[in-house]
2 protein chains.
Amino acid sequence: MTKQPDQPAAQQHIAADRQASLVARYGAAIPPAGPWNDHLSLLLSHRSVRAYAPDPLPAGTLETLVAAGQSAATSSNLQAWSVVAVTDPVKKAKLAEYAGGQKHIEQCPLFLIWIADLARNQRVGAEADVEMESAAYLETFLVAAIDAALAAQNAVIAAESLDLSTVYIGAMRNQPEAVAEMLGLPPATMAVFGLCVGYAAAGAEGQVKPRLPQSAVLFEERYGVADETQLRAAYDVEMGNFSRRQNMPVDSWSARVLERMGPIKSMKGRDRLKEIIRRLGFPLR
Amino acid sequence: MTKQPDQPAAQQHIAADRQASLVARYGAAIPPAGPWNDHLSLLLSHRSVRAYAPDPLPAGTLETLVAAGQSAATSSNLQAWSVVAVTDPVKKAKLAEYAGGQKHIEQCPLFLIWIADLARNQRVGAEADVEMESAAYLETFLVAAIDAALAAQNAVIAAESLDLSTVYIGAMRNQPEAVAEMLGLPPATMAVFGLCVGYAAAGAEGQVKPRLPQSAVLFEERYGVADETQLRAAYDVEMGNFSRRQNMPVDSWSARVLERMGPIKSMKGRDRLKEIIRRLGFPLR
């Protein structure tokens, strides 16, 4: 961006931030983004981190993160989620094992488990002697899972604003019954995912991972993209460059998608999730 | 908070912001939150807005919001979501109708429809002649829905940082097939929810809505709360105060939960969602 002599320094700073943020996220495929500010720079700077320093979190951090989480929208204000904060090293080691040996769950000082929770609202019903008919339906399970996701994402932004790092752990769905047992979860609750929170270990911050060009995911008025094959090829190049910068094995995005979504064995038991969710007390009608 | 003479002005400002943010969100049940900054004040200030001014958005706003959305974590980098931006007044009017007559969908200059999208990854498979076996499972639908939710929540924070307002529209799930038809959605995609984006109409900004006390939703090491009945009673009082401040009919949270989760008719047809999702090309095994 050319330096504009009549542009105030703060605006030049913001324009430079925007450019750097978009290049890091999109490589060559920079979208024509508009207004910018420090909040956007924070959002764009997200990296998932998988190695943590042992440093403890400042007092009150957990409550700050949950205040951010509770400030997210929630369907009909039902607040159909809960969060269990795990700091006990023995429990974290066990949870790391349930997740297929993810060491960062042991390392991070705070492991948050986000719960799709219809049980609290069912307790409201029980007290009033009203049957919560809707709790039996897939729709209502989905509401709870989405409520949990919106809250968790706010907590992630909050953590990153405090120079903390995070990584979501979908592998809490590998053995949800073992997790439920450990946490004492009642029927109609389920751990949807975990979240490691802590300070990144030295050198583990990583770089911003490129995403698909916007024109592959954003459509105007109707779904459909004419040149998807080209967009995907360009993205495979960006991901190759990213892997080289990170000294990681070069692997195209397309190859990774085939590996992760192709064979059932890549699901690590999550092909049985529907029956497990039912056993946890969500009939999923 | 007592003024500390040796505390720099910026820190006093932050402490005052924290206090005001927490009082607005929790009323009397203020949690012992820790570190604070402007990002946290933004997150805590969220309000869903249901009336919009006709003012257009600055150029590039849509791309800015989507850049924020794409910066959210996504399971295994599968990026199993898309977003359709609707600005056509005729389409918005129709979508408002599908959503049971929500006028704010017509009013807002930008309506974003967030799509759980396994079709893009299935196209990767089709090109490589690899069957995407996992796409048939509930787990993978859930991954796509959560990916969409994380991205959308980042877009919400981005919008609010630009003084825009938003409201999620879960009622996109009332008639998902009609929405799919309008947007030209291919099999294995589904509108999970909508999002109105625009400037709040004068007087429609509303106040921050209180949430349940933290001790009702945040648990340490194990799920379970001893005094839930009391916590709920305290929250019903806060919601009553909120309703009075907003000149809205006073309605307790417990009453609202009973109304929204009790009878099947409150689901507005979403009790049929499972069969509809299947018809949209997700077998939900």
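A: Lys103(A) and Glu106(A) both belong to helix α5 (residues 103-107) of chain A and stand three residues apart, about one turn of the helix; helices here are DSSP runs (H or I, at least four residues), strands likewise (E, at least two), numbered from the N terminus. This is a predicted model, in which local features need pLDDT of at least 70 and side-chain atom pairs count only at pLDDT 80 or more, while totals for chains, interfaces and linings use all residues. Residues are numbered from 1 along each chain as its sequence is written, chains are lettered from A and ligands numbered from 1 in the order in which they are written, and side-chain values use heavy atoms, with hydrogens and water left out.

Q: What makes the contact between the side chains of Lys103(A) and Glu106(A) a salt bridge?
A: The term requires a side-chain nitrogen of Lys or Arg within 4 Å of a carboxyl oxygen of Asp or Glu. The N to O value for Lys103(A) and Glu106(A) is 3.3 Å, so the pair qualifies.

Q: Why is Lys103(A) called exposed, and why is Glu106(A) called partly exposed?
A: Buried means under 20% relative accessible area, exposed over 50%, and partly exposed in between (1.4 Å probe, protein chains only). Lys103(A), at 55%, is therefore exposed, whereas Glu106(A), at 34%, is partly exposed.

Q: Why do Arg173(A), Glu139(B) and Arg270(A) count as buried?
A: The relative accessible area is 4% for Arg173(A), 4% for Glu139(B) and 12% for Arg270(A). Each therefore meets the definition of buried.

Q: What makes strand β5 (residues 218-220) of chain A and strand β1 (residues 81-86) of chain B a pair?
A: Pairing needs at least two DSSP bridges between two strands. These strands have three bridges, in the parallel sense, so they pair. Phe219(A) has Val84(B) as its bridge partner.
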